[in-house]
Each structure stands twice: as C-alpha cells, then as structure tokens.
Amino acid sequence: MFTIGKLAALATVSNDTLRYYEQEGLISPTAKSAAGYRLYDQDSVRRIRFIKHAQGCGFTLAEIRELLELRGRDKACCGDVRTRAIEKKLQIENKIRAMKAMSKALDQLIADCANEKQPVKECTIIAALERTSLSGDTVIHEGRTVL
Amino acid sequence: MKVELFYSPGCSACLERQAELRAAAQAAIGNVEWREVNVLDSVDQAVGLGVVTLPSIVIDGELVFTSIPTPKQLRKALIKRNRGRA
C-alpha cells in the first residue's frame, strides 16, 4: 500500500494531479492508515499509467473514464475499445484538416501583405480579418445528428 | 438515393443493426444505393464528411446520423429527403 506521495513518485505525477484524478473518479484509495491517510494499491499505479498513456493518445479524462469502465466490464470486448480508438483517430484527423485550412488561410493573408512597411492602418492582414468572412472553409464538423 | 453506413470493424452494435437498417431503407424508398463502408479503408472520405463517431450514416453525401438510428428513424429521414427531391 502506498500513500499519495509515494504513489505520485511511482507514477511520476504530482500529488495535485492525483487529487484531481480522485475527484474525477478515476482512482480511489483502497484503504486508510491508522492515522487516517488514504492508501492506494498497485492497481492504482497501473491505472495512472493507463491514464497518462491514454492522454498521450488524445483521449480526454471523460473518455478515459469510459475506457477504464470498459476495462473492468466482463462483457466488453476489444472491438469496443478499438471503435473508441478509431473515433479518436477520426477526431484528430478532422482537427488536422481544420488546422491545415487555417494555415492555408494564413498563407493567403501573409502573401497578400506584400509591403510590410505600410502604415498599420493600411495593413491588408488587419483589413482582411475585419471583413466578415475569409476565403477557405475552416469549419470543424462536430459530431451531431441532423434530421 | 445513396446511403452510406460508416462502421468500425468489430463494432457489435453496427453488425447487429446493419441488415435491419438496410432492409428498412430498401422498404422506405425503392431507389436506394446502400453501402457499408469500413471506416479504416476510407478515413479521408469519412473525415471529409465529418464522421467522428461510429457508426454514422451519410445520405447523399450529407452526414445525417452520428449514432445508430432505429429503422423507424432511418425510414423517416429517407422518406423526408425523397419527398424533398420530388
């Protein structure tokens, strides 16, 4: 059994992070010491490593909670986890596409501003940003049902 | 009308409902072109259509369902679109 400090050192996270994970229901102490300190077991170390790794793959804490629930569910299969991983990949690819469109829109603005010594009042970038819309669609599609 | 169901291989919810939804679509409108698309084979197409959750249903190039509908919901959506076309 580990105290929060020991657990933090083992999992290389801060005590505050662990308290936050606990507040979010991602980990919980398995016992309390005679002095009333919360104690954690080896499974908590595994859970924290799981959380950190999943965060590195782009999963939010809410999604990680679902993955942890799946991990403990008897009827769940690898296909369920795989579907979540594929959905995360689609979200990331979607963001990459949106970011590329933003980058392209910036390229256009930069190219349009040929004279960098012009007074700021005549700055083409500022003028373009003031216009209601820019060319180039940078709308990020969020998952929604349209009926 | 073209209906594309984007699914993840191994998704039990998708497999259970596919046949049922296909039958509902075909019963709702006569001229339905039904495609089941493994999203891993068509990531670019899926991203272009805004598919981020699975399964998703795209009708004539428009993302209409981002989760699995009931056959009744699909039927209703198809009939409504078919009427709009006429």
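Predicted model: local features only at pLDDT ≥ 70, side-chain atom pairs only at ≥ 80, totals over all residues.
Visitor: In which sense do β1 and β2 of chain B pair?

Guide: Strand β1 (residues 2–7) of chain B pairs with β2(B) in the parallel sense, over 6 bridges. Within β2(B), the residue opposite B:Y7 is B:N38.

Visitor: And how do β1(B) and β3 of chain B run, parallel or antiparallel?

Guide: They run antiparallel, and 4 bridges join β1(B) to β3 (residues 56–59) of chain B. B:L5 has B:I57 in β3(B) as its bridge partner. As background, strands of a sheet pair through backbone hydrogen bonds, in either a parallel or an antiparallel sense.

Visitor: Turning to the two chains, how many residues of each are in contact?

Guide: On chain B there are 20 residues in contact with 16 residues of chain A. On the side of chain B that touches chain A, α2 (43–49) and β4 (62–65) of chain B supply at least two residues each. That side of chain B comprises 13 nonpolar and 7 polar residues, with no charged ones.

Visitor: Which residues of α5 in chain A are buried?

Guide: They are A:T83, A:I86, A:L90 and A:N94. What covers these buried residues of α5(A) includes α2 of chain B.

Visitor: What is the reach of α5 in chain A, from its first C-alpha to its last?

Guide: Helix α5 (residues 78–112) of chain A has 35 residues and reaches 51 Å, close to the 51 Å expected at 1.5 Å a residue. In general, an α-helix has 3.6 residues a turn, so residues three or four places apart point the same way.

Visitor: Into which domains is chain A divided?

Guide: Chain A has domain 1 (4–72) and domain 2 (78–130). Their C-alpha centres lie 35 Å apart.

Visitor: How many residues of the two domains of chain A are in contact?

Guide: In chain A, 6 residues of domain 1 are in contact with 5 residues of domain 2. The side of domain 1 that touches domain 2 has 4 nonpolar residues, 1 polar and 1 charged.

Technical notes:
Residues numbered from 1 in each chain as written. Chains lettered and ligands numbered in written order. Contact = placed C-beta atoms within 7 Å. Nonpolar A, V, L, I, M, F, W, Y, C, P; charged D, E, K, R; others polar. Domains from an automatic or database assignment. Pairing = 2+ DSSP bridges. Expected span 1.5 Å × (residues − 1). Buried ≥ 20, exposed ≤ 12 C-beta atoms within 10 Å, placed from the backbone.
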